[in-house]
Amino acid sequence: MEIVAYPDPILREKAEPVYNIDQDTLDLIEIMGELMYGASGIGLAANQVGVAKQIFVFDLDYREKGRNLNALINPTIVLAEDRIEFEEGCLSVPDFLAKTTRRKYIKVTGIDKKGKPIDREAEGLLAVCIQHEIDHLNGTLILDHVSSLKRNLYTKRIAKLMRRDRDR
């Protein structure tokens, strides 16, 4: 399993809810965590590894505090307040940064990897991370948060790189 990159079509798929947390789901969460840590990311959605399920993992502080992998399944933002501008990157959109406007404070519900309900508040970077990963689960990329000019320039650059790699 690997992190898929734009323009892979799975990144545009809306992920399906998870109804059964079985061993395959738990294994997927662990693999996603290892891939996220290996890529020095702070969050990773299941469709970024080619699986269209409503699961994402995150860990903002692992560099300072050690690994503490969090997973959120079937997440829903139930409250969002204020706004914050943030420069985001994405493991599936390499070599691209985008200044986005997100909600500064959110409340999200879902379930954890043990099947227990989660009702979590988040602000700042954690709120941005959760919104970014939920975007992935809905088929939305950071490219959708920028001007069409910036998006088209990136798309053309990636197409050129793909052609060059194919022609080798």
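Mentor: Leu 79 has Lys 107 in β4 as its bridge partner, and in this predicted model that pair belongs to the antiparallel pairing of strand β3, residues 70–90, with strand β4, residues 93–111, which runs over 13 bridges. Between β3 and β4 there are two residues, and the two strands form a hairpin.

Strand β4 also pairs with strand β5, residues 117–123, again in the antiparallel sense, here over seven bridges. Within this pairing, Ile 106 stands opposite Ala 122 in β5. Here too the strands form a hairpin, β4 and β5 having five residues between them, and Gly 115 in that turn has a positive phi of about 85°.

Thr 140 counts as partly exposed because its relative accessibility is 23%, and partly exposed covers values between the 20% under which a residue is buried and the 50% over which a residue is exposed. From C-alpha to C-alpha, Thr 140 and Gly 43 are 15 Å apart in space, while 97 residues separate them in sequence.

Helix α4 spans residues 148–167 and contains Arg 163, which has a relative accessibility of 42% and therefore also counts as partly exposed. On the surface, Arg 163 gathers with Lys 160, Arg 164, Arg 166 and Arg 168 in a patch of positive charge.

Technical notes: Residues numbered from 1 in each chain as written. Predicted model: local features only at pLDDT ≥ 70, side-chain atom pairs only at ≥ 80, totals over all residues. Heavy atoms only, no water. Patch = residues over 30% accessible without salt bridge, like charges linked within 9 Å, V, L, I, M, F, W, Y side chains within 5 Å. Areas by Shrake-Rupley, 256 points an atom, 1.4 Å probe, with all protein chains shown as cover. Salt bridge = Lys/Arg side-chain N within 4 Å of Asp/Glu carboxyl O. Lys, Arg positive; Asp, Glu negative; His and termini not counted. Charge placed at Lys NZ, Arg CZ, Asp CG, Glu CD. Helix = DSSP H or I, 4+ residues; strand = E, 2+ residues; numbered from the N terminus. Buried < 20%, exposed > 50% of the residue type's maximum accessible area, 1.4 Å probe, protein only. Pairing = 2+ DSSP bridges.
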